Amino acid sequence: MMRNFSVLSALSLLLVMGSSCEKPAAVKLQLNGIACVQCHTIQSAADLQALSLQPGDTVIMKSGQWTNQELTFSAQGTSQQPIVLLAEQPGAVIMKGTSSISITGKWLVVNGLVFQNGYTSGKNVVDFTSSSSNCRLTNTVIVDYNPPAATTDYRWVSINGSNHRIDHCYLKGKLHQGPTMVVWGTNKTMKHRIDHNFFGERAELPNNGGETIRIGTSDWSMTSAFTTIEDNIFQRCNGETEIISNKMGGDTIRNNFFHESEGTLCLRHGNGSAVYGNYFVGNGNSAAGGIRIIGEDHIVYNNYFQNMAGTGQKAPLAVMDGVPNSPLSGYYQVKRVKVVANTMIKCKQSFDIGSGKGGNSRTLPPTDGHIANNVVSQAASSTVLTFTDQPINFTYQGNIVFDVPTSQQLPAGFTRQNPKYTLTTDGIYEPTSTSPVLGAFVGNYPFAAAADAGAPKLDAKHRDLLKAQNIGPGFMTGLGNSLVINP
């Protein structure tokens, strides 16, 4: 699956000239698009530790097996001159044994590593420390990096500090305790970006703590993280009921593809997050869930669900009941949620309002919400809308549903009408030119600015997402081959 790339001719020149080669500012070399003021070649963690790195430096890790190498990448770059730790050949620096890396400082970039055939005793594999900011992990692989005991708890990527980016990575096969990736809460402005990664299979844990991504903890749930999770693929991420566990506020989760993953995108704590443009394809898996909503002032719109067989809290859209006087670790009442212009095709149960009522002391129904301009096309035996608890002061408008028996009672604001969807060559359903959803958008929802009800038609960006184009490391091929979408 990995293919080798030739090293740039400029890099070959650097290696011939020696392990350290300083260039005048006017003669800076370009290494993968980054100006290389001074370049170093290393073969061990000790070599890295011995360097005194300056802005603009590039550290080149020699290709080969790096066994039991616990790297500390500590330096201070700048926005114009980051410091780069780079595999000599992307995908050919194999971190194994107990190898790990700690990133501490500013404007640091780690690029092109592969972690496999190893594990740690509890240290995080990639650790952005609390003293780090504006750092980046890119083009990196962590596969099957599991300890002998599944109860050993550590993260594959642990994110402290602020303004980090984790992109174009591939993480697959975590079997042990602890989320795959964690963003830790802080009182600083965080603004991390997690994008264009491929999160591969994760087996189910017998207990809590198997999230693929967790943002924050309940202690930080009243703080906004302003973190963005976008353009990622989650394939068969089955670690626990929460694939993404969002536990802080003000976050954006958009344009991701959830393929046959047995869990939910869960707005677990925090307020005021936006979830939009995501695709969920369950292929009939009864454990594959959608979006679970808890808290205040969330907007959930333009998401697409196909062949999702989950029900209750794993329904495509589950709006939860809350706990009176909830502790931070509990379930805050859903208030003022807006669920707008989503599409559900061949799902077993589209909406569950008041989901989870009674469990964990949840008795407060959702209040002051809007469900508008959603489109449902289902089999006759499926359920459009379940009121596990009766919401308070909900507005329903412009929803179009099809093949729903008259025995299923629906409030005003739901119209039984064939939306006239057709299957595209991408395996996704879209409205035809005569579909009644076209021009049917009603109400004042400027965040979902559109003329049509339901999720937008597939555009080039989402078409590439569904095929894993520009997702994961550049030295990997074939990641989209297993992303089958059943009609």
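Take Ser79: with a relative accessible area of 46%, Ser79 is partly exposed.

Before I go on, this is a predicted model, so local features need pLDDT of at least 70 and side-chain atom pairs count only at pLDDT 80 or more, while totals for chains, interfaces and linings use all residues. Residues are numbered from 1 along each chain as its sequence is written, and side-chain values use heavy atoms, with hydrogens and water left out.

Let's start with the whole thing. The protein has three helices and 45 strands. Along its principal axes, the C-alpha trace spans about 80 × 50 × 40 Å.

How much of the protein is buried? Of the 487 residues, 59% count as buried. The protein exposes about 17,900 Å², and carbon and sulfur atoms supply 47% of that. Those areas come from the Shrake-Rupley method with a 1.4 Å probe; for residues, only the protein chains shown count as cover. Now contacts, meaning heavy atoms within 4.5 Å. Among contacts with a separation of 6 or more, 72% are between residues 24 or more positions apart.

On to the sheets. Strands of a sheet pair through backbone hydrogen bonds, either parallel or antiparallel. Here, two strands pair if DSSP finds at least two bridges between them. There's an open sheet of 12 strands, with parallel pairing, in the order β7-β10-β13-β16-β19-β22-β25-β28-β31-β34-β37-β40. Which strands are at the edges? They are β7 (70–76) and β40 (383–387), and each pairs on one side only. From one strand to the next, the twist averages 10°. For that, axes are lines fitted to C-alpha atoms, for helices over the stretch in contact, and angles run from 0 to 180 degrees between N-to-C directions.

If you zoom in on one pair in that order, β25 (residues 242–246) and β28 (residues 264–267) run parallel and are joined by four bridges. Ile244 has Leu265 as its bridge partner in β28.

Next, have a look at β4, residues 38–42. Four of its five residues are buried, so β4 is largely enclosed by the rest of the structure. Four bridges join β4 to β5 (residues 58–61), and the two run parallel. Ile42 is partnered with Met61 in β5. How does the chain get from β4 to β5? It crosses through helix α2 (residues 45–50), and this β-α-β crossover is right-handed. Right-handed means that, with the strands pointing away from the viewer, the path from the first strand over the helix to the second runs clockwise.

Strand β9 (residues 93–97) is mostly covered too, with four of its five residues buried. Four bridges link β9 to β6, running parallel, and Trp66 stands opposite Met95 in β9. Strand β9 also has four bridges to β12 (residues 113–118), again parallel. There, Gly97 has Gly118 as its bridge partner in β12.

Last stop, the loops. Most residues other than glycine have a negative phi, and most peptide bonds are trans. Asn68, in the loop between β6 (64–67) and β7, has a positive phi, near 55°. Asn68 is partly exposed, at 45% relative accessibility. Asp297 has a positive phi as well, near 65°, and lies in the loop between β31 (291–293) and β32 (299–301). Asp297 is partly exposed at 37%.

Back to Ser79, which sits in the loop between β7 and β8 (83–87). Ser79 and Thr120 are 41 residues apart in sequence and 32 Å apart in space, C-alpha to C-alpha. Now try Gln313, in the loop between β33 (304–306) and β34 (317–320). Its C-alpha atom and that of Ile353, 40 residues apart along the chain, are separated by 9.4 Å. Gln313 is partly exposed, with a relative accessible area of 28%. Leaving aside neighbours within four places in sequence, the contacts of Gln313 include Thr264, Arg292 and Asp352.

Note on methods: Buried means under 20% relative accessible area, exposed over 50%, partly exposed in between (1.4 Å probe, protein chains only).
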